[in-house]
Amino acid sequence: MKNYSSAIRSFLLCLFITSQPSFAGAKELQQPPKAAEIVVEETICDTTIADPFRYMENLENPVVKEWFRGQATYAQSMLQRIAGREELIEKMQEFDQRKKEKVYNLTISESNRYFYLKRSPSDETGKLFYRNGFKGKEHLLFDPETYASKPEIRYSIGKIAPSDDGETIVFSVAANGSENATLLIMDVTTAELYPEKIERCRFASPSWLPDGSGFLYNRMRSGEVRSMDVQMDSKIYLHTIGTSPVSDREIFSRATNPDLRTRKEDIPGMYYDKDSGYLFAFVHNVDQRMTVYYAPADSLRSSSIPWKPLFMPEDNVYDFEITDNDLYILTPQDAPNFKVIRTSLHEPDIRHAQTVIAETPDAVLTGFSLTSEGIYYSLSRNGVQAEVYRKDFNGEHHERLKLPFAAGTAAVSTRGFRFKDVWVLAAGWANDYKRYRYDADRKRFIKETLSSTARYPEYDDLVVEELMIPSHDGVKVPISLIYKKGLKKDGTNPLLFYGYGAYGNAITPFFSPAFLLWTYHGGIFAVAHVRGGGELGDQWHKDGMKTTKSNTWLDLISLAEYSIRQGYSSPEHIAVNSASAGGILVGRAMTQRPELFAAVIPQVGAMNPLRGENTPNGPVNAPEFGTVNNPRECRALITMDPYLNIRKGIDYPAALITAGINDPRVIAWQPAKFAARLQAATTSGKPVLFLTDYQAGHGMGNTKTKQFETLADVLSFAFWQTGQEDFQPSSTTK
């Protein structure tokens, strides 16, 4: 249940010199086209807004198209001139060659069939495989590289959902990072596809009927991906295997259930649970507080389903798991670091539920899973130290499990309350992801990592500092500093900040050999665990959203000031990078304190949040950022808007701003408007590059080569602008 409920929510988701960086080679290039300023004025929540680039919101305007293309051509030319960029890509490719195979998106059916995506060094995207049990023989089911009819179209596999018996599987494919997914259905034994294809399935999250005859899924409306209506009023359908999707029955929607608490922008989902005999209907947006209805599963055969409310937002339920009789609930109610409570599934009484796992005052309960012999759960201290525990269903004993290594991140998974199986996926800043099965009888971990192992001696001497630094209001904010042993704190080190600060998502320690190339070349990688994330619990999230959003960028500013005071770096050597909602974080840090940073790199960033509700994915995000329809939240949107806070005549840092033309989450005109206004306003003479990728979206589904090139752009641009001698541009295009 937990994996299902989080699936849809995830859609709605690093030689010292002191000289100033030069802009060598720019004069030989044709300058990028300038954008005309055509001011549109309007009054929003008692504030007059002057918007000089409103016309860019029409992406079909020929003038806008020409400007996008010209900017992309210029940005690509400049990035390709940066010395060291190609060497970064070559090193990433060499790292990739060290692993014979990389396995991800693992799903285990009730019949113990392992389904997963696997990518070898020769593959651009993952292929779909299965095996019977961990040690079973591997079988290839589907290769997306052979699916496309045109070479310029690259498909990737997204969601995979096998039936309980593992005999049939439904999976999604999408082209060029668009996330505009099509569901394909396959007979696992023959590896043959059924004739029907179901389009418009970005939020599908299929849930199988127990007999494998069909599945429930979400389908969006027809229409162009940039249409304001395309994401509205999506519906749950029941598909029967081997039939045309045209005949699929509509099960749950605002039309079929007008009496339920749903809005047109909400995303419905459904799960069939055969153990309890219930259907669960979810109403999703980015609000982590769940809205769930349930009904007897056999009512699926009736013309109408008698839905009853299970959870409403005011119940403060963030996640749940079920047995045949009990309901286990993850909640921050009177427990900001979260607790788990239990009540009857058939007659739930949340207010009088029994506490099963109490709140830990100095650690956040990040997740829990049920097995046949107990409950397993994970804690995180300051977002960077992971612990895993086991507890009997009826006992008070909590046993801490000794992990195979000191992990910064640990995720627990099981096959449900009827099985003993439990796994832990663990990683750290300098430790690659490894998957272990826990043997409860012998109290030991057994390595069951499907991916190949690899050595990275380049990072054997990494130093990791985990610090708590006072922010603007005295609140201590965690920062992770990763760098080579022997680094001198003389203020000349290139330092790259990475942060996010939204949706309650925590940046826990992750291992990325490619990102760590920043440290390999002498830099400090700094992860800012700012408010708005979930590193320090539910309140940490609430203190960085809507009207408190300013804490996110003020936290980053405080951490940058600390790194300067302590000699880790200095303003001319500091770059900041984030993506998506993190565009607010880095964009506002730059516009408020431009003198603190040498370079700012927002990737597919939400740079004009005041206009967010005028984008297809904007209304569903209002619970996180606010709405213009609420005066206080509207004023907060103006305050958090990086685009609106750009001022003319300021020496702004250099900037690399990116967009994906197929992006369904942050429409391309948001970063475009920010880039145009920054180019017109800055007086520093530093480059402001705007790069649109015409074969990508928000980053999901990118090919391996595109991932390498994108990260190399970020790292090389940051090294260039922070004065790294080996990354200064050449005078000729490569």
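Me: Which ring does R415 lie over?
Reply: R415 lies over the face of F419, at 4.0 Å from the ring centre. A charge counts as over a ring if NZ of Lys or CZ of Arg is within 6 Å of the ring centre and within 35 degrees of the ring normal.

Me: And what sits over the ring of F129?
Reply: The charged end of K118 does, 4.5 Å from the centre of that ring.

Me: What kind of model is this, and how are residues numbered?
Reply: This is a predicted model, and numbering runs from 1 along each chain as its sequence is written. Local features need pLDDT of at least 70, side-chain atom pairs count only at pLDDT 80 or more, and totals for chains, interfaces and linings use all residues, while side-chain values use heavy atoms, with hydrogens and water left out.

Me: What is the mean pLDDT?
Reply: The mean is 94, and 95% of the residues reach 70 or more. pLDDT is the predictor's confidence in each residue, from 0 to 100.

Me: Where is the pLDDT below 50?
Reply: Over residues 7-28. That stretch still has 78 contacts in the model beyond near neighbours in sequence. Contact means heavy atoms within 4.5 Å. Where pLDDT is low, the predicted coordinates should not be read in detail.

Me: Back to rings. How many aromatic pairs are there?
Reply: The count is 40. Rings of Phe, Tyr and Trp (its six-membered ring) pair if their centres lie within 6.5 Å. Planes under 30 degrees apart are stacked, over 60 edge-to-face, and the rest tilted.
One of the pairs joins W429 and F510. They sit edge-to-face, 5.3 Å centre to centre, with 70 degrees between the planes.

Me: Where are W429 and F510 in the chain?
Reply: W429 is in the loop between β28 (422-428) and β29 (431-439). F510 is in the loop between β33 (495-499) and α4 (517-520). They are 81 residues apart, so the pair links distant parts of the chain. Helices (H or I, at least four residues) and strands (E, at least two) are DSSP runs, numbered from the N terminus.

Me: Are W429 and F510 buried or exposed?
Reply: W429 counts as buried because its relative accessibility is 6%. F510 is buried too, at 17%. Buried means under 20% relative accessible area, exposed over 50%, and partly exposed in between (1.4 Å probe, protein chains only).

Me: What about Y503 and F625, what kind of pair is that?
Reply: Edge-to-face, 5.6 Å centre to centre, with 75 degrees between the planes. Y503 lies in the loop between β33 and α4, and F625 in helix α8 (residues 622-625), 122 residues apart. Y503 is buried at 8%, and F625 is buried at 10%.

Me: Which rings form a cluster?
Reply: Ring pairs link Y278, F280, F282, Y294, F311 and F320.

Me: New topic. Which residues touch the most other members of the largest nonpolar core?
Reply: M56, M92, F497, L678, L715 and F717 do, in a core of 120 residues. A nonpolar core is a set of buried Ala, Val, Leu, Ile, Met, Phe, Trp, Tyr and Cys residues joined through side-chain atoms within 4.5 Å. Helix α11 (residues 704-721) gives the largest share, 9 residues. Apart from this core lies another, of 19 residues, including L216, L279, V283 and L300.

Me: Now α10. How many of its residues are buried?
Reply: 11 of its 13. L678 is one of them. The cover includes β2 (47-51), α2 (62-80), α7 (582-592), β37 (654-660) and β38 (688-693).

Me: How far does α10 reach?
Reply: Helix α10 (residues 669-681) spans 18 Å from first C-alpha to last, close to the 18 Å expected. The expected span is 1.5 Å times one less than the number of residues.

Me: Last one. What is the phi of N105?
Reply: About 55 degrees, positive although N105 is not a glycine. Most residues other than glycine have a negative phi. N105 is in strand β3 (residues 102-108). It is partly exposed, at 38%.

Me: And where does N112 lie?
Reply: In the loop between β3 and β4 (113-119). The phi of N112 is also positive, near 70 degrees. N112 is partly exposed, at 26%.
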